[in-house]
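Open the model in your viewer and keep the sequence panel beside it. The stops below say what to select and what is found there.

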Amino acid sequence: MQRKAYVPGVAALLAALLATLTGCTGGSGDSGTTDSANPGNAGTASAAAQPGRYRTLPEPCGAVGQSTLDSLLPGIRQITDEDQREKAYAGEATLTYDTDRKVGCRWKVESTDATDHLLVDFERVVSYDSSVSDDSQAQQLFAKMEEAADLPEAASASATSDVGTGDESTGSAGSGDSPTATPTPTFSDSASSSSSSSSSSSSTASSSSTSASASSSPSSSPTDIQPRLLDGLGDAAFLDDASNNSGSTVQQRTVTVAFRTSNVIVTIEYAEQPAALGVVPDSEEMQDKARKLAARLADVLAG
C-alpha cells in the first residue's frame, strides 16, 4: 500500500521536470526568432539626408570692402567728418535672432547727387526633415524667390516654344526677347515708304541696310539689362531691376541680385534715388556694380 502511494508521487515529479525542460527549449526558440527579426528592421531604415556645406555665416558688415562701398555709395567719400565717415563704412547690422541662420547689413549714404542704399543678406537654410537635405531645402526656397521675382525670361521662353513651329514668328523671335520684336514694324514701315518713292532695286538695298541697323543697336541693350537669370554665380542666381516713383517725378531704381551656394542664399539690394527731379538712375551701371559685389561675396563664402 505504501509502495503504491509512492510511485504516483515520483511520476508527478518527473512530469513537472519534463514540462520545465520543454518550456526552456521553447523559450530559446522564441528568442532566436526575435533576434533574427531585428536586423531586418534595422536594414529597412532610411539613411538621413546629408547636412549642407555651411554651418556658419560670414560677418555681413565686414564682408563688403571699403573700395566696393566707395563704388556703390559715392557720397561716402563726401563725408567730411571722420567719425561719421567711419560709421558710414561700418554699416548697420540688421536685426536677427539667430546669427547662425540669418545675418545682414545695410548702408545708407546721401550725396549731392543722390541717396544710395545697400543691403546684404545671408541666410543659411537648414532642413528639419531627415529625408530632405539642407541643399534641397535651399533649392526649393530659392526657386520660390525666383518665382516671386516674376522674371520675364519664363514668359519669353514659353512664348518662343509656342510659336517655334511658325516660320515668320520664329524668325522674329530668333534673335532674343520682345524688345527685339518691338522695333520691327517701325523699320518695316520706313522701308516700305522708301520703296514707294524709289526704284525696286534701291528699295531692296535700303530695306536691308535699315534692318541691319535695327538688329545692331536698339535690340541688344534692353535685352542685356532686363531682369534675368545669371550664369556663373553660385549654384543658381537671378537679377531683378525695378523702378518706381517716390513723388511726382523723382524715380528710385532698385537692383536685386540673389544667388544660392549649397545651403546659403545671398541677397543684395542696391537702390538709388537721385536728388534732382527728372533724373533716372543708370540701370546698366547699377547692375554692373551689384553683380561685381555678388561675385565678391561668392568668393567670401568659398573661403
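Of the 303 residues in the chain, 30% count as buried, where buried means under 20% relative accessible area, exposed means over 50%, and partly exposed lies in between (1.4 Å probe, protein chains only). The model is predicted, with local features needing pLDDT of at least 70 and side-chain atom pairs counting only at pLDDT 80 or more, while totals for chains, interfaces and linings use all residues. Residues are numbered from 1 along each chain as its sequence is written, and side-chain values use heavy atoms, with hydrogens and water left out.

Colour by secondary structure: the chain has 11 helices and seven strands. Among contacts (heavy atoms within 4.5 Å) between residues at least 6 apart in sequence, 61% join residues at least 24 apart.

**The disulfide**

Select C61 and C105. They form a disulfide with sulfur atoms 2.1 Å apart; the criterion is a pair of cysteine sulfur atoms within 2.5 Å. C61 is in the loop between α1 (2-43) and α2 (66-72), and C105 is in strand β2 (residues 102-110), 44 residues apart. The link is right-handed, with 100 degrees about the S-S bond. A search of the whole structure finds one disulfide. C61 counts as buried at 13% relative accessibility, and C105 is buried at 0%.

E123 lies in strand β3 (residues 114-124) and K102 in strand β2, 21 residues apart. E123 is partly exposed at 22% relative accessibility, as is K102 at 36%. The structure holds six salt bridges.

**Strands β5 and β6**

Next, select R253 and D241. Their side chains meet in a salt bridge of 2.7 Å, N to O. R253 lies in strand β6 and D241 in strand β5, so the pair ties together parts that are 12 residues apart in sequence. R253 is buried at 13% relative accessibility, and D241 is buried at 12%.

D235 is in the loop between β4 and β5, 25 residues from R260. R260 is buried at 9% relative accessibility.

Which residues does T256 contact, leaving aside its neighbours within four places in sequence? They are F238, L239, D240, T267, I268 and E269. T256 is in strand β6 (residues 251-261) and counts as buried at 16% relative accessibility. Its C-alpha atom is separated by 4.6 Å from that of E269, 13 residues apart along the chain.

**The aromatic pair**

The structure holds one aromatic pair. F142 and F238 form this tilted pair, 5.5 Å centre to centre with 50 degrees between the planes; rings of Phe, Tyr and Trp (its six-membered ring) pair if their centres lie within 6.5 Å, with planes under 30 degrees apart counted as stacked, over 60 as edge-to-face and the rest as tilted. F142 is in helix α4 (residues 134-149) and F238 in strand β5 (residues 236-245), 96 residues apart. F142 is buried at 2% relative accessibility, and F238 is buried at 4%.

Key
Helix = DSSP H or I, 4+ residues; strand = E, 2+ residues; numbered from the N terminus. Salt bridge = Lys/Arg side-chain N within 4 Å of Asp/Glu carboxyl O.
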